[in-house]
Amino acid sequence: MTADKYQARMRAHTNIALVKYWGKRNKNLFLPVTSSLSLTLDAFYTETEVLFDPSLKEDSFTLDGQVQTGQSLAKVSNFVDLFRRDFNMSLPVQITSRNHVPTAAGLASSASAFAALAAASNQALGLGLSPEEVSVYARQGSGSASRSLFGGFALWHKGQGDDSASSYAQQIDPADWDIAMLVVLVNPGPKKISSRQGMEHTMQSSPFYALWPEEVAKDLSAMEDAIKDRNIDQIGIIAEHNAMKMHATMIASNPSFTYWQAQSLLAMERVRQLRQAGYSAYFTMDAGPNVKVICPYSQVEAIRQALLDDFAEDHLVISRPGPAPYAV
Ligand code: 2P0
């Protein structure tokens with residue numbers, strides 16, 4: 001590599017799993033216990049600019065206008081080391097990143113963050129990696145980031161043994177039909193237990209975790225069929241049950257923990273009521289208190305209106321399916 005500068009700026013969207021990732025079989029390589037399946041969202045994304053430049057003294061990282069040091073800088077610096085190692089170069093990098101999520105969100109952004117950083121690195125360095133290959137890198141920043149390399153529905157393959165290259169994501173459907181997600185933003189306070197800690201504690205101490213891999217395998221196969229059929233009720237039923245099974249493994253950990261808050265339970269109850277009223281509305285939840293409602297796009301405005309009785313307008317965010325990362 002010559003002493004030139006290499007620069008790129010990419011936007012990557014976040015994704016919400018409909019069949020969840022919860023547990024690693026190899027912590028160093030971020031190899032998951034199971035495959036997982038998600039929907040990329042249009043409304044939430046990260047924009048990241050990378051500049052590889054020989055005149056820089058060291059790596060730097062600015063997030064939402066704040067210069068990062070310590071752990072936060074080390075995390076992205078170590079991540080970029082994966083590219084430096086594999087492509088045999090040692091240029092320092094300047095990373096500038098901005099998360100585009102509503103201020104009250106408290107939504108996890110590591111998926112869009114590492115997808116944007118991996119995509120920008122690939123672009124800047126002219127590596128010409130395929131999205132699947134870039135997803136192998138993104139995965140090693142944050143597991144769920146592997147799925148944000150694709151628009152619509154994405155499947156992250158668990159892969160074989162300790163073979164990193166075999167654990168990649170791919171698009172299974174562009175989701176360019178009548179589907180949406182309504183995000184109900186519940187108390188955004190900082191979370192006490194990271195996903196990483198939460199999944200490890202669950203694996204180590206929950207007697208229910210032993211059931212999780214086989215349940216995911218069944219749900220994945222049924223979900224792929226439901227997506228092929230564009231059967232939103234089937235998609236919702238499987239996603240809701242899968243999320244509840246994941247949260248049940250956490251509640252059964254020792255000591256027990258949960259990401260649910262009182263308002264999360266209220267949102268779940270309201271979704272059940274909307275279903276009784278004839279809407280195709282189903283919920284899912286991740287490692288935080290927010291509730292995401294899966295529904296047809298043609299029903300999402302009516303569902304939002306109904307939820308306004310209990311939730312503030314700026315805590316209800318409609319999203320359509322989102323695209324793969326692109327240059328901005
Ligand atoms: C998912 N979550 O499939 C699951 C469901 C949260 C609950 O992936 O340790 O931030 O960085 O690989 O990807 C969040 O976990 O964890 C997540 P690491 P990550 O979306």
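**Close-up views of the predicted model**

**Figure 1. Pairing of strands β4 and β8.** In this predicted model, strands β4 and β8 run antiparallel and are joined by four bridges. One of the residue pairs in this view consists of Ser38 and its bridge partner in β8, Ala154.

**Figure 2. Strand β8 and its pairing with β9.** Strand β8 spans residues 153-156. Phe153 and Leu155 point to one side of the strand, Ala154 and Trp156 point the other way, and all four are buried. β8 also pairs with β9 in the antiparallel sense, over four bridges. Here Ala154 stands opposite Gln171 of β9.

**Figure 3. Contact between the two domains.** The domain assignment of the protein gives domain 1 (6-175) and domain 2 (180-319), with C-alpha centres 23 Å apart. Contacts involve 24 residues of domain 1 and 31 residues of domain 2. On the side of domain 1 that touches domain 2, β1 (6-19), β4 (36-52) and β9 (169-173) each supply at least two residues. Strand β4 gives the most to this side, with five residues. By residue class, the side of domain 1 that touches domain 2 divides into 16 nonpolar, four polar and four charged residues.

Methods
Residues are numbered from 1 along each chain as its sequence is written. This is a predicted model: local features need pLDDT of at least 70, side-chain atom pairs count only at pLDDT 80 or more; totals for chains, interfaces and linings use all residues. Domain bounds come from an automatic or database domain assignment. Two residues are in contact if their C-beta atoms, placed from the backbone, lie within 7 Å. Ala, Val, Leu, Ile, Met, Phe, Trp, Tyr, Cys and Pro count as nonpolar, Asp, Glu, Lys and Arg as charged, and the others, Gly among them, as polar. A residue is buried if 20 or more other C-beta atoms lie within 10 Å of its own, exposed if 12 or fewer, and partly exposed in between; C-beta atoms are placed from the backbone. Two strands pair if DSSP finds at least two bridges between them.
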